[in-house]
Amino acid sequence: MTKKEPRPKTAQESAVVIDFGSQYSWLIARRVRECGVYSEVIAHNAPWRVVAALKPKCFILSGGPASVYVPGAPLAPSYVYESGLPVLGICYGMQTLAYQLGGQVARAESREYGLAMLYKNEADVPLFHNLPDAIPVWMSHGDQIIEMPPGFTSIAYTENSPIAAIANEQKIIGIQFHPEVVHTPQGKEILRNFLFKICDFEGTWTSRNFVKQQIARIRRKVGGGKVICALSGGVDSTVVATMIHRAIGEQLTCIFVNNGLLRREEIERTLRTFRNNLKMNVVYVDATDRFLERLKGVIDPEEKRRRIGNEFVTIFEEEANKIGKVDFLAQGTLYPDVIESTATVSRESATIKTHHNVGGLPEVMSLKLIEPLRYLFKDEVREVGTALGLPEEMVWRQPFPGPGLAIRIIGEVTRDRLEMLRAADWIVMNEIKKANLYRQLWQSFAVLTPLKSVGVMGDSRTYKYTIAIRAVTSEDAMTADWARLPYDLLARMSNRIVNEVEGVNRVVYDISSKPPATIEWE
């Protein structure tokens with residue numbers, strides 16, 4: 001079996017989020033980290049040994065779609081309450097702790113969805129320190145607590161929820177609303193009060209501390225072994241390669257595989273960056289023919305990802321054999337990759353898509369994995385890149401998927417279709433940069449659809465392909481909104497594409513958000 005990168009053994013204490021299947025669980029962890037406290041999401045049925053490795057200083061119980069009183073509903077593990085640590089239950093998490101500690105939860109007569117006003121029952125409550133008596137909050141629940149557990153008091157209410165926040169002397173707190181979403185304007189202040197007023201965290205989780213810890217950890221793990229690092233030229237692999245190079249120097253060999261699925265000038269820019277700027281040993285492999293042969297006739301996007309992932313590892317192992325004895329394969333896997341590729345946290349979670357550097361790896365590998373960014377979000381990786389002193393243009397490069405243009409071509413990947421997409425994508429990126437919007441967008445790119453439509457060019461009828469333009473804003477790719485690009489910018493991109501890209505006569509703009517769509521089309 002492929003060995004996963006273990007969770008980081010933190011030198012500091014953590015806030016552990018217990019996941020009950022909420023779409024906001026990951027957002028809770030993000031908001032906590034933004035406060036300077038390391039946080040990780042753990043399944044509600046995770047054993048204590050997994051949690052203990054994170055040195056928890058508190059537990060946060062997430063929301064979830066279930067009703068706690070229904071047979072089989074997920075509950076918090078007993079160690080949450082037996083630990084004596086502070087607990088914050090959010091929405092379903094509040095109902096769970098109330099139910100497990102002797103209270104009663106029932107279906108609410110009036111469901112509460114959307115914005116509500118929360119009113120404090122007491123003037124000086126640590127959770128609401130320095131906040132007004134009336135606090136706007138975001139509600140999303142159909143159940144409510146009708147009887148508090150013994151020893152608890154109500155510390156806040158809303159018009160529809162007489163018991164909207166509860167607490168006891170053991171620092172177990174429940175809140176019916178969601179402080180992690182932007183719709184609760186003062187939500188981060190509430191989380192900060194819990195972390196610093198109630199849990200006594202020091203807020204030492206920083207990108208600089210992370211870099212120091214990871215470099216030391218890589219040295220210990222690798223020892224005298226050798227590492228090959230998969231390069232893509234993106235910020236993730238760049239940060240990984242830089243950290244490993246600083247940890248073990250010449251024991252690292254970077255391998256840049258041209259899979260034939262890259263954008264224009266990708267090869268030249270990547271080689272120049274690593275060989276000249278970062279002074280690393282880089283092996284360049286042109287495997288275009290191999291990848292295109294593997295993708296011949298493949299239409300299913302998941303099969304594309306699997307084949308690309310398998311071929312990558314095969315090539316890495318071949319190159320490792322040429323180098324000599326190599327022990328480790330390093331990758332720029334991120335937390336969102338792990339979340340979307342595998343149901344690693346909650347049984348209520350579902351696989352969205354396979355990332356070639358997570359679920360796309362073969363089950364059997366001779367190389368052990370090093371994935372120092374596996375539990376970071378993209379914005380955190382950029383902070384780490386800045387802490388490493390990497391150039392701004394490298395740190396702020398827009399994400400590019402591991403399978404490359406293969407998942408931006410709907411249907412079979414061929415040389416002709418790749419060249420068509422490269423030309424269109426080049427125009428999109430060129431115009432976005434000219435409009436000074438590159439840094440404001442999470443991603444912007446072109447998609448080659450399999451759709452052909454009738455057009456008129458000159459005095460002739462055409463029947464050619466449709467290009468879709470995709471541009472989104474996001475913080476971490478877990479959710480995204482379509483970018484409201486100026487009409488004149490869209491017009492310039494469309495005009496250039498139909499005039500400069502042979503085989504295209506129509507351009508459309510994707511105005512779908514994530515969810516329900518994903519950022520990539522495949």
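How many aromatic pairs does a search of the whole structure find? The search finds nine such pairs, a pair being two rings of Phe, Tyr or Trp (its six-membered ring) whose centres lie within 6.5 Å, with planes under 30 degrees apart counted as stacked, over 60 as edge-to-face and the rest as tilted. The structure is a predicted model, in which local features need pLDDT of at least 70 and side-chain atom pairs count only at pLDDT 80 or more, whereas totals for chains, interfaces and linings use all residues. Residues are numbered from 1 along each chain as its sequence is written, and side-chain values use heavy atoms, with hydrogens and water left out.

The mean pLDDT (the predictor's confidence in each residue, from 0 to 100) of the protein chain is 88, and 92% of its residues reach 70 or more. Over residues 342–362 the pLDDT falls below 50, although this stretch has 71 contacts in the model beyond near neighbours in sequence, a contact meaning heavy atoms within 4.5 Å.

Among the aromatic pairs, the rings of Phe256 and Tyr284 have centres 6.0 Å apart and planes at 40°, so this pair is tilted. Phe256 belongs to strand S11 (residues 252–258) and Tyr284 to strand S12 (residues 282–286), so the pair ties together parts that are 28 residues apart in sequence; helices (H or I, at least four residues) and strands (E, at least two) are DSSP runs numbered from the N terminus. Phe256 counts as buried at 1% relative accessibility, while Tyr284, at 31%, counts as partly exposed; buried means under 20% relative accessible area, exposed over 50% and partly exposed in between (1.4 Å probe, protein chains only). Elsewhere, Tyr38, Trp205 and Phe210 form one aromatic cluster.

When residues up to four places away in sequence are not counted, the residues touched by Phe128 include Leu118, Ile135, Phe177 and Asn193.

Helix H1 (residues 25–34) is largely enclosed by the rest of the structure, because eight of its 10 residues are buried, among them Trp26, Arg30, Arg31 and Arg33. H1 is followed by Gly36, whose phi is positive, near 90°.
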